Amino acid sequence: MTRTLLLNCGPHGQASHGYQLATDMLAELGLAQQPLLERDLVAAPIPPISRDYALAITSNASADAPALAWSETLIKELEDSDLLMILTPMHNFAVPATLKLWLDQVIRIHRSFASTPEGKIGLMKDRPTLVLVSSGGFHAGPRARQEDFLTPYLRYALASIGIRNVHFVLLQGLVFGPDAVAAAVDGARDALREQLAPFKTAGAGGRCRALSEWLARKSRQH
């Protein structure tokens with residue numbers, strides 16, 4: 001059994017190209033019939049860090065403190081997943097506010113990371129993570145005309161809690177007309193199919209073995 005957590009971070013929700021592509025691929029691979037938790041960060045927004053949260057952190061409050069309820073819920077959802085999919089637009093060169101709020105609640109000292117003299121040490125187990133990035137223009141490849149701060153930031157942020165097997169799939173040039181959109185979707189579909197191919201196996205046991213093999217192979221590449 002593969003448990004997937006899908007974070008939809010963009011304003012278009014289920015109408016977005018990224019969402020439609022991701023759900024099509026999950027269905028094609030049989031993962032839509034496995035446990036799937038979808039969290040729409042726009043339709044059900046996460047609150048920003050509050051003063052009560054900050055006080056709970058600095059006073060080393062217990063995990064069941066009311067001020068930490070959102071954080072605890074989101075961390076548990078992540079802990080319970082075997083596969084993480086993040087569908088996000090690029091907003092002004094970086095992650096949108098919706099995704100930043102999720103990260104702020106999930107990256108929590110003594111819970112998802114430990115602070116050491118060498119820096120943050122992640123406390124969460126690694127898992128395959130696919131980030132599907134949508135953008136109107138181009139930020140990678142020969143047509144790139146802007147900086148990309150989303151990729152290095154998100155990779156670093158997830159690594160700080162222990163998630164290092166992170167792979168980015170791009171949906172670029174979405175404002176350049178139907179032909180450009182079709183080409184971007186086709187390219188992203190091929191990339192997603194390649195990344196998710198190990199999960200297209202018969203039976204839950206096969207999927208678990210595929211997950212272990214995927215992690216081992218990707219770990220050797222880092």
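1. Starting with the second largest pocket: its lining splits into 4 nonpolar, 3 polar and 3 charged residues (nonpolar is Ala, Val, Leu, Ile, Met, Phe, Trp, Tyr, Cys and Pro; charged is Asp, Glu, Lys and Arg; the others, Gly among them, are polar). Bear in mind that this is a predicted model, where local features need pLDDT of at least 70, side-chain atom pairs count only at pLDDT 80 or more, and totals for chains, interfaces and linings use all residues. Residues are numbered from 1 along each chain as its sequence is written, and side-chain values use heavy atoms, with hydrogens and water left out.

2. That second largest pocket holds about 210 Å³ of space. It has 10 lining residues, with K120, Y156, A159, S160 and R164 closest to its centre. Helix α5 (150–159) gives the largest share of this lining, 4 residues, and β5 (119–122) supplies at least two.

3. The largest pocket comes in at about 330 Å³. Its lining has 10 nonpolar residues, 11 polar and no charged ones. H12, S16, P89, S134 and L174 sit closest to the centre, out of 21 lining residues. Two or more residues each come from α1 (17–28), β3 (83–89) and β6 (129–134).

4. Now for α6, residues 178–196: V181, A184, V185, A188, L192, Q195 and L196 are its buried residues (buried is under 20% relative accessible area, exposed over 50%, with a 1.4 Å probe and protein chains only). They lie on the same side of α6 because they cover an arc of only 100° around the axis, taken from the directions from the helix axis to the C-beta atoms. Exposed D179, A183 and E194 are on the face turned away from that buried side.

Definitions and conventions. 1 Å grid on protein atoms, 1.4 Å probe; cavity = no way out; pocket = protein on both sides within 12 Å on 5 of 7 lines; lining within 4 Å. Points joined across faces, edges and corners; volume = space filled by probe spheres on them.
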